[in-house]
Amino acid sequence: MQIHNSVPAYISTRGEAPAFTFQQALLEGLAKDGGLFSPTHIVEVNNTGWREAKYFPALASSILRNWIGDDISSSELSAIVDDALNFPLSLVPLKGEEWKGIYVLELFHGPTLSFKDFGARTMARMIEHYKSHSNERLTILVATSGDTGSAVADGFSGQERVQVILLYPKGKVSPTQELQLVVERKGVQTLAIEGTFDDCQRLVKRAFQDKDLAHLSLSSANSINIGRLLPQMLYYFWAVSNGNFESPVFCVPSGNLGNLTAGVMAHLSGMPVHQFIAAHNRNDFFPRYIAGDNPEFKASVHTPSSAMDVGAPSNFERLNSMMTSDVLRDKIWATSVSDEATLETMKKLYEKTGYLSDPHTAVGIESIQRYRKETGSEHPCIVLATAHPAKFPEIVKEAIGIEPATPRSLMELALRPKCAIPIPATYEAFREAISQNVR
Ligand SMILES: *Cc1c(COP(=O)(O)O)cnc(C)c1O
């Protein structure tokens with residue numbers, strides 16, 4: 001992909017839809033031809049002074065500005081990121097010889113306790129900004145394997161012109177995630193789909209192509225939306241600048257590959273990365289691809305790191321549009337971690353270092369150790385800690401024998417009213433539910 005200083009347009013990965021501005025791509029979500037919006041070129045960041053920025057929102061707006069263009073002014077963009085990214089971000093070195101040089105980038109201190117708050121909150125405020133100048137309404141459809149739904153629901157709740165419909169696979173997310181999804185929120189309707197996450201994604205994709213639903217002006221807030229992806233580049237820059245790293249390894253616990261794609265975009269735009277590690281659970285499409293196979297998408301299987309239970313990663317198409325397969329296979333190392341190894345890593349890490357990790361982050365930490373063993377690499381490794389351990393108390397208990405303390409924000413949710421409609425995983429049932437619930 002080419003690198004320029006100008007603001008890119010956004011085109012479909014399938015090449016059959018017109019080029020859009022950022023605003024259009026954000027509001028449209030998925031391109032009309034079924035592809036994902038990708039930038040026409042990568043924006044060079046070397047001149048933005050990102051290494052010097054000490055304050056995260058300042059770094060964030062200086063980088064985002066280059067990708068968005070001037071239909072959000074500098075001061076408006078600063079106000080958006082100040083408000084959206086107003087929670088802590090930290091880089092924690094692990095203790096102990098075995099984990100020397102491993103840093104945990106804790107991305108889970110936002111209101112819904114996962115990294116998805118970064119993208120969802122920023123995106124919600126950008127949409128609010130664009131919509132505040134018109135009378136149109138927008139309906140956001142979100143398929144969630146756990147954390148997206150609550151981040152999006154929380155990010156959008158209470159907005160005048162946006163309504164959110166959440167779909168999640170009933171019984172296939174942790175009880176705490178479920179609590180975060182079914183709690184009643186203004187402007188949000190939750191559908192409990194009797195199927196898998198892949199079923200939820202399929203229903204959403206089909207709704208976008210359904211001409212009879214065009215009047216609802218549907219949009220998506222999944223990681224397929226470019227508006228969520230761009231803010232996910234920011235913490236990579238922050239980590240490199242904060243730790244003053246020369247060329248670190250980034251390990252990304254992955255499912256739909258949105259987080260990894262954002263990291264790759266940050267790297268292409270000028271942020272040094274020695275190598276990416278794509279850390280997957282038993283859903284191993286991508287590790288098999290990186291190993292040189294041409295695997296087929298499969299149905300997802302359920303694991304302790306359930307937010308990564310994705311059989312058909314939707315950002316694969318976008319990642320492929322940015323790099324040739326050779327470069328991809330060279331720049332990204334990938335592995336698939338079993339359920340047992342995930343729990344063992346949580347236990348060993350806690351017992352030897354006192355660090356309590358959630359199962360998704362544990363898949364990452366185990367992957368780093370494999371990577372080091374196989375390649376002999378001594379580069380510092382930054383693992384993206386994608387969720388707070390308290391989101392998965394049952395799994396933490398199973399792995400290490402104790403339950404993590406419940407943060408106050410979660411205790412408060414338990415007391416609020418709940419509302420979710422169970423529906424079968426058929427398009428007819430889904431469409432009926434949309435028609436009944438969209439005002
Ligand atoms: C969504 C999620 C992931 C996977 O991120 P992708 O961008 O879909 O690859 C990993 N961990 C947690 C906790 C998540 O919520």
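The legends below describe close-up views of the pocket, the cavities and the cysteines in a predicted model. Residues are numbered from 1 along each chain as its sequence is written, and side-chain values use heavy atoms, with hydrogens and water left out. Local features need pLDDT of at least 70 and side-chain atom pairs count only at pLDDT 80 or more, while totals for chains, interfaces and linings use all residues.

**View 1. The largest pocket holds about 420 Å³ of space.** A pocket is an open set of points on a 1 Å grid over the protein atoms alone, with protein on both sides within 12 Å along at least five of seven lines; lining residues have an atom within 4 Å of a point. Grid points are joined across faces, edges and corners, and a volume is the space filled by probe spheres set on the points. The lining comprises 17 residues, and Glu 28, Lys 32, Phe 208, Ala 214 and Leu 218 are the closest to the centre. Helices α1 (22–28) and α7 (197–208) each contribute at least two lining residues; helices are DSSP runs (H or I, at least four residues) numbered from the N terminus. By class, the lining has nine nonpolar, two polar and six charged residues. Nonpolar covers Ala, Val, Leu, Ile, Met, Phe, Trp, Tyr, Cys and Pro, charged covers Asp, Glu, Lys and Arg, and the others, Gly among them, are polar.

**View 2. The largest cavity has a volume of about 260 Å³.** A cavity is a set of grid points where a 1.4 Å probe fits but cannot get out, and two cavities of 30 Å³ or more are counted. Of the 25 lining residues, Phe 115, Lys 116, Gly 255, Asn 256 and Ala 307 lie nearest the centre. Both α5 (147–156) and α10 (258–268) supply at least two residues, and the largest share, three residues, comes from α10. The lining divides into nine nonpolar, 13 polar and three charged residues.

View 3. Helix α7 gives the most, with four residues. Four lining residues are nonpolar, three polar and one charged.

**View 4. The whole structure contains zero disulfides.** A disulfide is a pair of cysteine sulfur atoms within 2.5 Å. For Cys 251, the nearest cysteine sulfur is that of Cys 381, 7.5 Å away. For Cys 419, the nearest cysteine sulfur, that of Cys 200, is 17 Å away. Cys 419 is partly exposed at 32% relative accessibility, a class between buried and exposed (over 50%).

Technical notes:
Buried < 20%, exposed > 50% of the residue type's maximum accessible area, 1.4 Å probe, protein only.
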